[in-house]
Amino acid sequence: MYPYLLFIGITTLMIGWIWGVLYAPEDFQQGNSYRIIFLHVPASIFAQTIYYFMSICALMHIVWRVKLAAYLIKSAAPIGAMITFIALFSGSIWGIPTWGTWWQWDARITSTLILFIMYLGILTLHGSFSNLEKADRLMSILVIVGVVNLPIIKKSVDWWSTLHQPASISTSGSSIDPSMLMPLLISIVGLGFTLISLGILSSRLYILNREKNKKWVLEHV
Amino acid sequence: MLQVRKNRLWKIFTIFLVSSGGVFLILFSLNSTLDLFYTPSEMLEADIKPEYRIKLGGMVKNGSIKRKGTATNFLVTDFVKEVPVTFNGVTPDLFKEDSGVVMLGYYLDGIFKAEEIFAKHDENYMPPELSFEEEKI
Amino acid sequence: MFDIAFNTFDEIINMKGHGIYVWLVYSISILIIVVSFTITRMRIKNICKRININNASG
């Protein structure tokens, strides 16, 4: 399963990025610097999606005590941290030519930074317990508590005055021209598949690590 | 559902409600502090002391930009009130009339002296040819 | 829509002065993603090796 997903992901992502960076037209106000959108928007979307995924896993672990759900949280969190970092980094660089600043404490940027710190906090919390079952449970509770940050990130541009502009794509439509929207959607799908395949790898690693003394692992390896 | 699972569900639901309630209370009490900038109306109402460095944001009024050497003078508006701004230095590429702007500086004697200017753009993305056609319509 | 937006290779690199930002963001991000894949695969290989050694000795 993994090699196919990785292949689909990388191919789609490359089509989206090459189309976006080389073939899509220039933007009427930002010129060429807007081409960072094909990386920044997919990264920001998955920074939040991975957290939603982790919160569903956390609920399953707390209520039904599904062990695998906790393993998935632990394997998804580093990927979430990585992609949130990419979202923050690409946004910062994009801010230099367009806004004239690489960092402002505006509500959207700050709440995304908090999301990044949440991912690191979840990993640190889990790492600080020697009793792994207890670590799983406390980590799940922390994940659930952090869910409140997701609607704040989403709504920050409407609730407060920010340097960041409001959303371009919403359920009511998009304010991005189709010639730029198509490669953007393709990049989103491509990054999605790429991250799912990275998630498969990461969970394989964690499960092997955690269950290395079990009989089935010895047989599997 | 088993009783013990129901209990766990209620417990985590309560933890979630209480923590989000707390976060939202904090947010509501900090509401205006979380704004990145004052709008012209808010700034005029707030009676800012001249020694405080503040952020002021709004739209650059159409036809108001006047450049003299390295100095730029313009009016920033929120379509209710407007404030004259003076700035010495290089403005960002996206700084133009009828476009968003956020400035860091001091308000004294009815003029906002900007030390730094950031451009705020909108959420529309389109090729330049299309934006010309839109203007014609 | 399907015409390349640049005429020469220099234009692609330069992008009217914005090239440095665009290429910096893409290269660093691709590097980060590639490194995460490589590290994860290496660690899987290592742990499999260790399990095999334990298996053989135990």
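**View 1. Chain B follows the pattern α-α-β-β-β-β-β-β-α along its sequence.** This is a predicted model: local features need pLDDT of at least 70, side-chain atom pairs count only at pLDDT 80 or more, and totals for chains, interfaces and linings use all residues. Residues are numbered from 1 along each chain as its sequence is written, while chains are lettered from A and ligands numbered from 1 in the order in which they are written. Chain B holds three helices and six strands. Helices (H or I, at least four residues) and strands (E, at least two) are DSSP runs, numbered from the N terminus.

**View 2. Chain B has a radius of gyration of 23 Å.** A compact globule of 137 residues would have a value near 14 Å. The radius is taken over C-alpha atoms, and the globule rule is 2.2 Å times the number of residues to the power 0.38. The C-alpha trace of chain B spans about 75 × 45 × 25 Å along its principal axes. Domain 1 covers 3–32 and domain 2 covers 35–120; domain bounds come from an automatic or database domain assignment. The C-alpha centres of these two domains of chain B lie 40 Å apart. Of the 137 residues in chain B, 23% are buried. Buried means 20 or more other C-beta atoms within 10 Å of a residue's own, with C-beta atoms placed from the backbone.

View 3. Two residues are in contact if their C-beta atoms, placed from the backbone, lie within 7 Å. Chain A gives 37 residues and chain B gives 32 residues. On the side of chain A, H2, H3, H5 and helix H7 (178–210) each give two or more residues. H2(A) provides the largest share, four residues. By class, this side of chain A has 21 nonpolar, 12 polar and four charged residues. Ala, Val, Leu, Ile, Met, Phe, Trp, Tyr, Cys and Pro count as nonpolar, Asp, Glu, Lys and Arg as charged, and the others, Gly among them, as polar.

**View 4. Chain C touches chain A through 28 residues of its own and 32 residues of chain A.** Helix H2 (residues 19–57) of chain C supplies 19 residues, the largest share of the chain C side. That side divides into 19 nonpolar, six polar and three charged residues. No contact joins chain B and chain C; their closest C-alpha atoms lie 10 Å apart.

**View 5. Helix H5 of chain A (residues 132–146) has buried residues that include A:Asp136, A:Met139 and A:Val143.** Its 15 residues should span 21 Å at 1.5 Å a residue, and its end C-alpha atoms are 21 Å apart, which agrees. The expected span is 1.5 Å times one less than the number of residues. The buried residues of H5(A) pack against H2, H3, H4 and H6 of chain A, together with helix H1 (3–30) of chain B.

**View 6. The largest nonpolar core has 65 residues.** Such a core is a set of buried Ala, Val, Leu, Ile, Met, Phe, Trp, Tyr and Cys residues joined through C-beta atoms within 7 Å. Those with the most contacts inside the core include A:Ile36, A:Ile50 and A:Met54. H1 to H7 of chain A and H2 of chain C each supply at least two residues. Leaving aside neighbours within four places in sequence, A:Ile36 is in contact with A:Ser90, A:Ile93, A:Trp94, C:Tyr21, C:Val22 and C:Val25. Apart from this core lies another of 25 residues, among them A:Leu163, B:Val60, B:Val83 and B:Val85.

Notes. A residue is buried if 20 or more other C-beta atoms lie within 10 Å of its own, exposed if 12 or fewer, and partly exposed in between; C-beta atoms are placed from the backbone.
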